[in-house]
Amino acid sequence: TRNLVLDVKRANFSGIVFGGRLHQLPSGPFAGRLVGNGAGFNGTAELSAQGRYQRAVVSATATNAILQGQKTLRIGRGIVDADIVLFEQPQLRADVQLGDASIDNLFIGAARGKIDYRDGQGNAQFLVEGRSTFPFRIAANGRLEPKLWTVALPGRANGISFTSATPVRIVPERQGYALLPSNIKVGNGTVRLEGSYSDTLQIRSSIENINLAVLNPMLPGFELAGRATGQVDWTQSSVNAMPQAQGWLEIKRFRRNSLGAPSQPINVSLKGSIDASGGGVSALIQRQGTKVGRLQLRLGAPPVGPGDWIDKLLDAPLSGGIRYNGPSDLLFSLATLANQSLAGPVAVAADFSGNLRQPLLAGSLRSDNLVYENEAYGTRLTKLRLRGVFSNDVLNLTEISAKAGDGTVSGQGVISLS
């Protein structure tokens, strides 16, 4: 029989042009060389046999490289050196380095990952530092053995240090992996994790007194503040199966500090669950011991049949509503409008329908004594009166009136919520 020959004349991936020739050896593996150039990248992959097993040696560099896609990845400098042999237990030696890289608002000043793994044991190290809105530095140092993997996790995000109290322990099993109970210290708080991954994914997690500011590097523009305590239990029989999950969360002195409009601190209590019959979330909002808001969101049975469980959940029937009678600055801060602020009481009552992909609202908004300020234009409106009606995906402002200096303003308008 003739062995397979692959002649790659020209293959283009995001501006990188690949070419080369591979031929199958009598023992089964492929041999040959692939070359890739373009968009700031330059590299080779040498394929050969080690006995009856496939071997690949990869060497590549990047200089001022740009990868175009849904998002643009820019790499100032990068190096990849890897040697892989696909034994029954794969052998991997690799060193990957990255510098001056960015995607959207995420900037990576330096990153490096190294692994040396053979005969079921080895070592792995990883380090990345950069910033989004806030700086971060994350490292991992792992020891890989046939019956136990241990990983130490030191790092720092937005000025908050985190580290594994003891190394995280992972047990490789015949059909998957087990994460033994592990504690990670985050500032003055603690994250606890345990679970398993095989045909079924099971996770039991809890957090205690976690400073929400640690999330800000991963959520640019949100500028969260507050302390959170809670628990989530998650079981999922397959990747596409609807999970069974339940959890609760208590957030003390929650704030959104959008520029020019920091919100007043509130306490939030959340409970939620999802399963094959649907799910829901309930929330209670309190300020200075007084209830100012309540949210009830319910999901009916998701569609059956093939498809991703998240898509099914987004298409599940939606019901419930929100009732809020409290400070407007909390709701206004969620809009993240720079150099603008809104203060004063507001009342919102709205019911939900439709689905999460296209939620529909019916209800009203009322306020009689708001103060609006826009620092960029020097605008200050006082005694601002609003009347609005929620209709599907729009808010119809049927009445707007306010004092502006020695004069008054009035009008109507429509705000799209889609």
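**Reading charged pairs and cores**

Mentor: Arg-323 and Asp-351 form a salt bridge, with their closest N and O atoms 3.0 Å apart. Here a salt bridge is a side-chain nitrogen of Lys or Arg within 4 Å of a carboxyl oxygen of Asp or Glu. Arg-323 lies in strand β24 (residues 318–327) and Asp-351 in strand β26, so the pair ties together parts that are 28 residues apart in sequence. Helices (H or I, at least four residues) and strands (E, at least two) are DSSP runs, numbered from the N terminus. This is a predicted model, in which local features need pLDDT of at least 70 and side-chain atom pairs count only at pLDDT 80 or more, while totals for chains, interfaces and linings use all residues. Residues are numbered from 1 along each chain as its sequence is written, and side-chain values use heavy atoms, with hydrogens and water left out.

Trainee: Is Arg-323 buried or exposed, or something in between?

Mentor: Buried means under 20% relative accessible area, exposed over 50%, and partly exposed in between, with a 1.4 Å probe and protein chains only. Arg-323 is partly exposed at 41%, and Asp-351 is partly exposed at 36%.

Trainee: How many salt bridges are there by this rule?

Mentor: Side chains of opposite charge can pair when their charged atoms come close. The count here comes to 19 salt bridges. One of them joins Arg-380 to Glu-373, whose closest N and O atoms are 3.4 Å apart, and a network of salt bridges links Asp-368, Arg-385, Arg-387 and Glu-399.

Trainee: Which residues have the most contacts inside the largest nonpolar core?

Mentor: In soluble globular proteins, nonpolar side chains tend to be buried together. A nonpolar core is a set of buried Ala, Val, Leu, Ile, Met, Phe, Trp, Tyr and Cys residues joined through side-chain atoms within 4.5 Å. The largest such core has 37 residues, and those with the most contacts inside it are Phe-254, Tyr-324, Leu-365, Leu-384 and Phe-390. A second, separate core of 20 residues includes Ala-62, Val-128, Ile-184 and Val-214.

Trainee: Where is Asn-355 found?

Mentor: Asn-355 sits in the loop between β26 (345–354) and β27 (359–374), and Asn-355 is buried, with a relative accessible area of 19%. The side chain of Asn-355 reaches the backbone nitrogen of Arg-357 at 3.0 Å, and a polar atom of that side chain lies 2.7 Å from the backbone nitrogen of Gln-358.

Methods:
Polar contact = N/O pair within 3.5 Å; in protein donor to acceptor, adjacent residues only side chain to side chain.
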